[in-house]
Amino acid sequence: MHPRVLRRHGEGGKSHLTSFEGLAALSLDALSSVAYGPEAIVVVLAVAGTGAIRAALPITLAIAALLGVLTVSYCQVIAAYPDGGGSYAVAKRNLGEPVSLLAAASLVVDYTLTVAVSLSAGAASLASAVPALAPHLLVLCVGGLVVLTAVNLRGVADSARVLMVPMVLFVVSVLAVIVVGLARSHPAASVGTSEPLQATQSFGVLLVLKAFSSGCSALTGVEAIANAVPMFRTPRVRRAQRTELMLGVLLGVMLVGLSVLIRRYHFAPRGGVTLLAQMTAGAFGTGWVYYACSIVVALVLGLAANTSFGGLPVLMSLLAKDDRLPHLFALRAERPVYRFGVVVLAALALALLVAVNGDTQRLIPLYSIGVFIGFTISQIGLVKHWTRQRPGGWVPRTVVNATGAVLTGIATVVLLATKFVAGAWIVVITVPLLMVLFTRIKRYYAAVGAEISRGRIPAVPGAAGSLVIVPLGEVDKVAERAIAAAKSLGDEVVVLAVFAQQADAVAMRSAWDRWNPGVRLEIVESHQHSLVGPVVDYVERANQDGRQVAVLIPQVEPQHQRYRILQNQRGILLAGILGTRTDVIVCTLLYRLNL
């Protein structure tokens with residue numbers, strides 16, 4: 001007989017992603033980058049004059065070739081490391097601890113920046129179409145962040161279903177701009193204000209490298225699928241690889257198509273509009289289609305932040321399992337959601353947005369560096385993987401990954417060199433600090449393991465007497481159930497009653513004697529009208545005689561949420577104080593009402 005495989009709720013079902021849903025949930029960052037990737041190349045080349053802009057096409061072809069290398073590489077990563085983690089998992093297995101921490105820290109930084117940049121870019125694009133929104137960019141960003149966080153707390157599959165329609169509209173819009181634009185003999189319309197382009201730099205290798213590294217911003221997000229393989233339905237590897245291939249083909253076609261359009265009609269930067277807006281107007285004119293496409297672009301730019309919500313919580317869960325982050329980041333809800341990771345990502349992105357007041361341009365110098373560090377580490381790790389294991393076809397695979405490592409390494413160095421003064425220095429400081437944090441957390445968990453002798457067989461436990469203390473205030477059904485439970489837990493049971501009035505103490509003693517449940521009753525008078533303090537003092541004294549002491553706290557809980565605030569919450573307070581001040585066992589017994 002075959003062993004039965006037990007799966008968590010939603011495993012392989014509606015709570016996980018299909019290939020197409022994965023494209024919507026994890027690829028919007030990469031797909032939407034066509035809105036600014038080609039423009040980043042043109043802006044750099046424009047400083048050498050309009051003639052230099054013709055070099056945008058061969059540079060884009062080089063980026064498309066790198067995209068092909070990365071797509072193939074991450075398909076390999078998905079197969080080799082199906083638990084997710086991307087470059088962190090590759091580095092941990094092949095390059096050692098320090099490099100794996102560098103990869104993890106870089107990805108944490110870049111994923112956080114992706115959320116902030118995507119939301120701020122979307123808000124700015126929307127404000128371009130509706131100028132009245134321009135003074136409220138931060139509010140728009142925060143509103144978008146709240147919506148994305150709420151959707152992702154329900155599950156990545158739910159977010160994918162929400163994002164599927166905007167993704168399809170965006171891809172169709174961009175492809176339509178390319179096809180219709182190339183079918184025209186000349187642009188249908190021109191938008192924006194003309195700006196004279198004066199050559200302030202000579203066209204050379206350094207400028208080409210700078211344009212290449214800037215255009216590589218279009219590749220951010222390619223790694224997200226490999227980081228989030230556990231989010232897919234079974235068979236996970238096949239579905240994730242299919243999604244990675246779809247992303248690579250779509251992104252490559254759109255990048256090259258837009259660059260051909262730029263070269264054919266000599267599109268150059270103009271005031272007040274993006275390059276994609278110019279190409280949209282050139283294809284469709286300035287009618288309703290132009291505005292509809294602009295709104296779709298703005299919406300998808302904002303929603304591209306969802307890629308991070310799919311990738312970073314999974315990465316943080318892997319770090320937590322490796323004792324590099326608090327273990328709570330490895331906890332999953334009933335739906336396959338790492339909610340602590342989602343909330344922390346949202347908080348970090350919110351802090352960034354508030355710090356820059358929702359201004360995209362203040363975030364751009366920090367962007368892309370982290371992900372290209374991850375790209376380079378992943379490629380180098382795969383080279384070592386192939387040369388060490390030498391499976392069939394390892395030589396061409398090694399060549400592909402080595403080429404990718406050289407190209408992404410060059411892009412990383414150029415990005416750091418050109419953006420360092422403008423703000424990249426913050427990333428250079430933050431990444432090592434995160435690495436130190438991961439190391440300190442690992443050291444703490446190692447010390448905990450040593451103190452509790454984890455991994456070693458402990459001595460045989462000896463038998464010890466036990467005492468169960470039950471705080472009660474009156475004789476009723478709650479007392480009956482609490483004493484019955486206490487008798488099953490310990491050798492000796494003591495009921496402790498605290499009263500501020502002598503008459504109440506006498507009444508309790510009289511009722512207890514009439515009931516006679518066979519358990520000793522201790523009554524403590526509290527002249528300060530404090531009920532919690534005397535119980536804690538009594539427990540501390542009882543805990544000094546060497547017995548195992550447990551405190552069983554009965555708590556009445558109504559069925560309906562609206563009534564719970566009406567119940568006495570003293571038991572919760574008592575449990576918290578006992579847990580802080582003593583090392584006794586604290587148990588809560590719920591008596592559920594039908595109200």
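The backbone oxygen of leucine 67 lies 2.7 Å from a polar atom of the threonine 71 side chain, a polar contact being a pair of N or O atoms within 3.5 Å in which, within protein, one atom must be able to donate a hydrogen and the other to accept it, while residues adjacent in sequence count only if both atoms are side-chain atoms. The model is a predicted one, in which local features need pLDDT of at least 70 and side-chain atom pairs count only at pLDDT 80 or more, whereas totals for chains, interfaces and linings use all residues. Residues are numbered from 1 along each chain as its sequence is written, and side-chain values use heavy atoms, with hydrogens and water left out.

Threonine 71 belongs to helix H4 (residues 56–80), where helices (H or I, at least four residues) and strands (E, at least two) are DSSP runs numbered from the N terminus. Its relative accessible area of 5% makes threonine 71 buried, the classes being buried under 20%, exposed over 50% and partly exposed in between, with a 1.4 Å probe and protein chains only. When residues up to four places away in sequence are not counted, threonine 71 touches Glu244, Leu245 and Gly248, contact meaning heavy atoms within 4.5 Å. H4 is also one of the elements against which the buried residues of helix H9 (residues 205–215) pack, together with helix H3 (37–45) and helix H18 (394–451); these buried residues of H9 are Leu207, Ala211, Phe212, Ser213, Ser214 and Gly215.

Serine 466 counts as buried because its relative accessibility is 15%, and, with residues up to four places away in sequence not counted, serine 466 touches Leu489, Gly490, Asp491, Glu492, Arg547 and Gln548.

For helix H14 (residues 306–321), the 16 residues should span 22 Å at 1.5 Å a residue, and the end C-alpha atoms are 24 Å apart, which agrees; the expected span is 1.5 Å times one less than the number of residues. H14 is mostly covered, since 15 of its 16 residues are buried, and the helix is followed by aspartate 323, whose phi is positive, near 65 degrees.

Positive phi values also occur at histidine 266, near 55 degrees, and at arginine 390, about 50 degrees, neither of which is a glycine. Histidine 266 is placed in the loop between helix H11 (236–265) and helix H12 (275–284) and counts as exposed at 56% relative accessibility, while arginine 390 is in the loop between helix H17 (369–389) and H18 and is exposed at 55%. A cis peptide bond, with omega about -5 degrees, joins threonine 234 and proline 235, the latter lying in the loop between helix H10 (224–227) and H11.

The structure holds zero disulfides, a disulfide being a pair of cysteine sulfur atoms within 2.5 Å. Cysteine 293 is buried at 9% relative accessibility, whereas cysteine 587 is partly exposed at 24%.
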